[in-house]
Amino acid sequence: MRPNNLDDLVALIKAKTGADSTIYTGIANEPAVRIPAGKLREVVTAMMDDLDITHLSAITAQQRGEEKDLIELIYHFWQGSGIAVMMSLPVKSPQVDSLIDIIRGADFYEREVAEMFGVQFAGRKETPPLLLPDEWDQGPPFISDEEGDV
Amino acid sequence: MKKMSIPIGPQHPLLKEPLSMIIDIEGESVLGGSLRLGYVHRGIEKLAQERTYVQDVHLIERICGICSHVHTTTFCLAVEALLEIEAPPRAQYIRALMCELERVHSHLLWLGVLTKHVGLDTIFMHAWHDREMALDIMETISGGRVLHAANMIGGVRFDLDKENEVMIREVVEKLKTQVGGLLDVIENEPALRARTQGVAPITGDMIRKYCAVGPIARASGIDVDMRRDDPWFPYDQLDFEVITHPDGDAWARTFLRTEETRVSLNLCQHILEELPDGPVSVRAKRRVPEGEVVIRTEAPRGEVFYYLRSDGTDKPARLKVRTPTLSALSMLPEQLAAIQVADIPVVLAGVDLCIACADR
């Protein structure tokens, strides 16, 4: 998937899921589409079925600049070159569908995002901690506090 | 027969790094298992946000004690992309030389671990002896045996003189002979085949399902290598084979990694032949313009992924690192299911675990 195919991907997402997506070219080397968070599962299924994009390299979670009320998730796929699917979740109740039943390799990535950013992945039986100690009680370490410190 | 759960780790003689596993068994059959990471989690992604890019090069190098160089290479490529600068060609060839020497010593380290676990101590000692030769080269040219501090933003910190080049050529030629001998043993030693052939096979479908990468994927017939498929300079200028094997069992992984060692040694020679003249670094600004970049490279264990976002300051706004061991580890419970207890060490060693990388 090359950047000039992104229009096709946007059209595919519209046809398969009914969702409106927008092209994001802010990431050098990796074109991206921004989708509604509720459509993640359908979009990824369409990419797997129609474009044979199955390799998930990583999930990046972050809070951008002053947008402290949002958590952005970027799903980085690779099929000959990188392509990403991104979305924003409200920081007060961040929830998105889990992908582990269609991409088993997403398991550890989701667990890490869950413990570091407090994102809940719907559809998982459990989301045990991956890296932080069992007794960790200081909240997700990557979420900014009220003063804006990260 | 009564089912039992055996805890292995986080401190265990079988493991060189801390990992906690619960392995469920019934008699001699393994039913499955679960694992827990985090015992060497250092919060490097978070720490990187609190340090400058220059300091981060040294922090990033400490993600791993085996493939430390490929991490700094990937990080520097990411920062250089945002700065819109390129390290001079000579510097990038030296980076690639270090990457291939790192692959040589990592694969030989792994071969030693595997053969030690299956009781073939002679191969273990030969492999680790040969690994020392690669480490000696790295130490001689960089000053560091494990942490080389070779990379800086904008290039590398040292140059190769003619004396270095002659020494590297001599040692690499000798290593090729040694690795040829190891390959001969791997192909013909009945005891090694008996302990690894048909053990814990991984299918191509499993590789795709778990998004596994690197030698594990290639030993299961998946023809992928970031050096060829998503190349960065100078790999787009170099000719090299990408080895694959269809069987996916522990023997295929052993054979493949040792073959890859041979290919990397050939690459070292190729790099030295093509090594351009010129400077080894350019000046880089300390403040990095706003922007985001993704860089993928090929570590000894497979695809390394870095996402870097700058907000225009001298510190990263976000650095995301995904190491190849993480995907391999998620596959481990399924690999453990339906093997015999005696094969547990072969399966664990076969993955080429790097817990420090996975924990970060």
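Student: Which side chain does Asp20(A) meet in a salt bridge?
Tutor: Lys14(A). This is a predicted model, and in it the N to O distance is 2.9 Å.

Student: Is Asp20(A) buried or exposed?
Tutor: Asp20(A) is exposed, at 57% relative accessible area. Lys14(A) is partly exposed, at 41%.

Student: What does Arg34(A) pair with?
Tutor: Glu72(A), with the closest N and O atoms 3.1 Å apart.

Student: Which residue forms a salt bridge with Glu292(B)?
Tutor: Arg64(A), at 2.8 Å between the closest N and O atoms. Arg64(A) lies in a loop of chain A and Glu292(B) in strand E6 of chain B, so this pair joins two chains. Arg64(A) counts as buried at 15%, and Glu292(B) is buried at 5%.

Student: How many salt bridges over all chains?
Tutor: The count is 41.

Student: New topic. How many helices and strands in chain B?
Tutor: 14 helices and eight strands. Its radius of gyration is 20 Å, close to the 21 Å from the globule rule for 360 residues, so chain B is as compact as a globular protein of that length.

Student: How much of chain B is buried?
Tutor: 62% of its 360 residues.

Definitions and conventions:
Residues are numbered from 1 along each chain as its sequence is written. Chains are lettered from A and ligands numbered from 1 in the order in which they are written. This is a predicted model: local features need pLDDT of at least 70, side-chain atom pairs count only at pLDDT 80 or more; totals for chains, interfaces and linings use all residues. Side-chain values use heavy atoms; hydrogens and water are left out. Helices (H or I, at least four residues) and strands (E, at least two) are DSSP runs, numbered from the N terminus. The radius of gyration is taken over C-alpha atoms; the globule rule is 2.2 Å times the number of residues to the power 0.38. Buried means under 20% relative accessible area, exposed over 50%, partly exposed in between (1.4 Å probe, protein chains only). A salt bridge is a side-chain nitrogen of Lys or Arg within 4 Å of a carboxyl oxygen of Asp or Glu.
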